[in-house]
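Please keep the structure open while reading.

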Amino acid sequence: MTIRCDEFIKDYMRDRLRKLLLPIYKPSRSKLLLPYWRYLLMRPAIFELWFRGRLAWFWGTRGGLQSLSEQPQTFVEQVKTYNQSKIFEFFRIRTEKFMVLLRCIDGIPADAKILCIGPRNEAEMLLLSLYGFPLRNVTGVDLFSYSPAIQCMDMHELKFPDGTFDIVYTAWTLKYSFDLPRACAEIVRVLKPGGVVVTGFSHTSTLTEEVGSPLTKGLDELLQHFSPHVEWVYWKEVAPTGVDGVFEVSTIFRVQKSPPGPSSDRRVMVERGPVQAES
Ligand SMILES: C[S@@+](CC[C@H](N)C(=O)[O-])C[C@H]1O[C@@H](n2cnc3c(N)ncnc32)[C@H](O)[C@@H]1O
């Protein structure tokens with residue numbers, strides 16, 4: 001067997017270079033880092049092109065918008081009509097925060113099966129895929145859909161077997177529920193034991209808009225609806241919006257499905273309250 005001299009030198013140099021650089025870059029490696037191409041797709045202009053390109057493609061090839069057949073509750077019909085009119089809109093910042101947080105939580109598998117309730121369009125789900133949760137593992141459900149990734153389904157009657165998902169992700173949707181205890185029970189039912197709920201909503205202590213569940217007592221009221229299944233709260237935030245008395249509130253928590261232990265077992269890992277305005 002003959003080894004060519006130039007190949008030998010090349011291998012030797014590569015090995016030397018690796019040994020030289022490894023101690024420098026190894027401490028800087030992080031599981032939070034994303035591949036370069038994902039950062040590129042996240043750039044607003046490129047992301048918009050991707051999201052709207054897919055919307056136009058599916059709209060054209062699938063014959064427009066499908067929607068859940070007429071619902072007995074007039075309220076659901078109103079919600080559907082209102083949100084259909086906003087099909088092209090996407091509020092990136094409020095939902096993207098959850099994705100950054102999800103990447104920080106240990107124990108969430110990279111192949112986690114995610115149910116996204118109320119994405120309105122694909123943008124939220126595409127963004128989730130850029131944060132490392134492949135689109136094939138993300139199932140969307142909404143009252144209407146133009147995409148094969150979003151099924152027409154009511155959050156009060158999810159058509160999935162018990163224990164299907166690792167994460168239920170529902171951003172700015174639960175306030176549209178006309179029966180919150182039922183919607184929360186459905187979320188717990190479709191989650192696997194130890195599954196994670198990710199949710200947020202705009203909170204005011206006074207009722208200012210037509211919603212199904214005003215949640216005027218904020219996050220505590222919402223968590224009460226998930227009681228006694230809230231096992232571990234990873235994140236809880238009440239963020240002022242700049243408008244007097246209006247807050248963006250959000251939480252991420254782990255669910256226990258077996259009979260709960262004493263309430264002292266429930267722990268809050270991160271809790272952030274309203275930030276005081278700087279004088
Ligand atoms: C305000 S949008 C939220 C969009 C996105 N998640 C965000 O954070 O910007 C609420 C979505 O929930 C959907 N929705 C409302 N009631 C629902 C129900 N009963 N079942 C399923 N989806 C529902 C609406 O159609 C709408 O697309």
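Predicted model: local features only at pLDDT ≥ 70, side-chain atom pairs only at ≥ 80, totals over all residues.

Leaving aside neighbours within four places in sequence, serine 147 is in contact with Phe58 and Glu122. Serine 147 and valine 100, by comparison, are 47 residues apart in sequence and 25 Å apart in space, taken from C-alpha to C-alpha.

Serine 177 is found in another loop, the one between strand 6 and helix 7, and is buried, with 26 other C-beta atoms within 10 Å. When residues up to four places away in sequence are not counted, serine 177 touches Met155, His156, Ala183, Gly212 and Ser213.

Which residues of helix 7 (residues 180-190) are buried? They are Leu180, Ala183, Cys184, Glu186, Ile187 and Val190. These residues cover an arc of only 155° around the axis, which puts them on the same side of helix 7. An α-helix has 3.6 residues a turn, so residues three or four places apart point the same way. The buried residues of helix 7 pack against strand 2 (114-117), strand 6 (165-171), strand 7 (191-204) and helix 8 (218-226).

In helix 8, the buried residues are Leu219, Leu222, His225 and Phe226. Seen down the axis of helix 8, they fall within an arc of 115°, so they line one face of the helix. The elements that cover the buried residues of helix 8 include helix 7, strand 7, strand 8 and strand 9.

## Helix 3

Helix 3 (residues 44-61) is hardly covered, and the count of buried residues among its 18 residues is one. From its first C-alpha to its last, helix 3 reaches 25 Å, which is close to the 26 Å expected at 1.5 Å a residue. Glycine 63, which follows helix 3, has a positive phi, near 75°.

## Strand pairing

Strand 3 (138-142) is mostly covered, with five of its five residues buried. Val138, Gly140 and Asp142 lie on one side of strand 3, Thr139 and Val141 lie on the other, and both faces are covered. Strand 3 runs parallel to strand 2, and four bridges join the two; within this pairing, leucine 115 has threonine 139 of strand 3 as its bridge partner.

Strand 8 (residues 230-240) and strand 9 (residues 246-255), in contrast, run antiparallel and are joined by nine bridges. Here the bridge partner of tryptophan 232 is arginine 254 in strand 9. The hairpin formed by strand 8 and strand 9 has five residues between the strands, and in this hairpin glycine 242 takes a positive phi near 100°.

## The shell around the ligand

How are the residues of the shell around the ligand divided by class? There are 11 nonpolar, five polar and six charged residues in that shell. Of the 22 residues around the ligand, those that come nearest are Asn83, Gly118, Arg120, Met155 and Ala171.

Helix 4 (74-84), helix 5 (92-104) and strand 3 each supply at least two residues of the shell. Helix 4 gives the most, with four residues.

## The protein as a whole

The protein contains eight helices and 11 strands. Its C-alpha trace spans about 80 × 55 × 50 Å along the principal axes, and of its 279 residues, 28% count as buried. Among contacts between residues at least 6 apart in sequence, 71% join residues at least 24 apart.

Terms used
Residues numbered from 1 in each chain as written. Buried ≥ 20, exposed ≤ 12 C-beta atoms within 10 Å, placed from the backbone. Arc of directions from axis to C-beta. Contact = placed C-beta atoms within 7 Å. Near = placed C-beta within 6 Å. Nonpolar A, V, L, I, M, F, W, Y, C, P; charged D, E, K, R; others polar. Expected span 1.5 Å × (residues − 1). Pairing = 2+ DSSP bridges.
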